[in-house]
Amino acid sequence: MQPNSLQPNSLQPKRILLIVGGGIAAYKVLDLCRLIRRKGLLVRAVMTKTAGEFVTPLSLGSVTGDKVYGELFSLTDEAEMGHIELSRDADLVVVAPATANLLAKMAHGLADDLATTLLLATDKKVLAAPAMNLRMWAHPATRRNVERLTADGVTFIGPASGSMACGEFGVGRLAEPPAILAAIETMLSGDTLIPLPDGAWADAGDSGRRPLSGRHVIVTSGPTHEPIDPVRYIANRSSGKQGHAIAAAAAAAGARVTLVSGPVALPDPFGVTTVHVETAREMQDAVDRAMPCDIFIGAAAVADWRTGDVAGQKLKKGHGNPSELTLVENPDILAGVARRTVARPRLVVGFAAETTDVLAHAKAKLARKGCDLIVANDVSTSGETPGGVMGQATNTVHLIDRDGIESWPTMGKEAIAERLVARLAAMLAK
Ligand code: C5P
């Protein structure tokens, strides 16, 4: 067995109880088990009945190196190890894939098979890695169940977005095994921050020592859509990944977070109040309603202009010339917040997405908008990537304040979010 940083003072390797749900993504748990064991951890698998349709006990047994428990607990099993003991023998319970059905049962405390009985009987932390069709994930029933389970202390990793086995594209894919392993290691190490795909974070407890406890943070994220007629709109390429990651990192740092999000294809970060808007004016209203706050972070790519006159009916070819669209300037939400004379947030942070002279433009923006910090990034198109950094997982940023410029190396958007939040917490503590 390899040495393992997770058990420095113990000769006993930590043990994972892996509940495998019945979904197409179940095959990925074979890889997960390999990764877990490579870390020197032990893993014991329990399969639901439908999991057996996607992965066999033989294959699971060979990667876990342990007996695989099935739907029914046989008398022999009970004699070897009672089901209560099986549920408590682990240091962490991991549910992967956590199907919509399994989440519903967990949320309602049903115990009609071995997997759900163990989940009800355990006294250990539970990490759930959901995987399902995007509409099932978005369904109000699943949203309710996830909310309930989050309140009950279950930590979620994922789901990620991408193409699905059913041929659709969206949020619902099982988080990749290395991401699940990272969450497992973080939970076992007692740390409070659990990285999630798509820039979100979950909270594994321990609110006592978090740097933004008691603070309110408002974050704007994503693009805005400015309607032209009932079917067309003006938009931009912002994915919302950076803004959502910042909201989630602030929540993980203990803040109460209001995320005002334009239309994006990302799940709402857990532990964050997300307000969905479409237009710049709706975004401004939502920000005004969420005020006051300690930190305002304008990460949204707000459309500078909207159409002056939204057509009530779909514009037809040949009727009117599209070049005659009149544009009206949108309110500048960031500048409005920064220039408040009553209840101005202690810190106002803007983003500068530039394609040329990034630093010069960002410095000018700091003064023009009246904010305390500008996070500047170069979003110029990089050859094969239309839109440059927009939609990508990494970002290269420069922090500009009145004292100067600090350039950070290229990092994942989650890492930037975490570092930015740590920086803001330190600024607030001064
Ligand atoms: O002026 P520009 O769009 O380059 O400024 C970018 C910064 O200003 C971002 O922080 C963005 O969220 C914010 N902004 C805003 N309202 C606008 C335009 C930009 O809050 N109407």
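1. Helices and strands are named here as DSSP runs, numbered from the N terminus. In this predicted model, helix 14, which spans residues 413-429, lies across strand 15 (295-298), strand 18 (347-354), strand 19 (373-378) and strand 21, and runs at about 145° to strand 18.

2. The sheet to which these strands belong is an open one, made of eight strands in the order 14-13-10-15-18-19-21-22, and its pairing is mixed. Because strand 14 (273-276) and strand 22 (404-407) stand at the edges with a single partner strand each, one side of each of them is left without a neighbour in the sheet. From one strand to the next, the twist averages 15°.

3. In general, the strands of a sheet pair through backbone hydrogen bonds, in either a parallel or an antiparallel sense. Here, strand 21 (residues 397-401) pairs with strand 22 in the antiparallel sense, over four bridges, and L399 has E406, in strand 22, as its bridge partner.

4. On confidence, the protein chain averages a pLDDT of 84, and 84% of the residues score at least 70. Two stretches call for careful reading. Over residues 1-10 the pLDDT stays under 50, and the model has 16 contacts beyond four places in sequence for them. Over residues 383-387 the pLDDT is likewise below 50, and this stretch has four contacts in the model beyond near neighbours in sequence.

Methods
Residues are numbered from 1 along each chain as its sequence is written. This is a predicted model: local features need pLDDT of at least 70, side-chain atom pairs count only at pLDDT 80 or more; totals for chains, interfaces and linings use all residues. Two strands pair if DSSP finds at least two bridges between them. Helices (H or I, at least four residues) and strands (E, at least two) are DSSP runs, numbered from the N terminus. Axes are lines fitted to C-alpha atoms, for helices over the stretch in contact, and angles run from 0 to 180 degrees between N-to-C directions. Two residues are in contact if their C-beta atoms, placed from the backbone, lie within 7 Å. pLDDT is the predictor's confidence in each residue, from 0 to 100.
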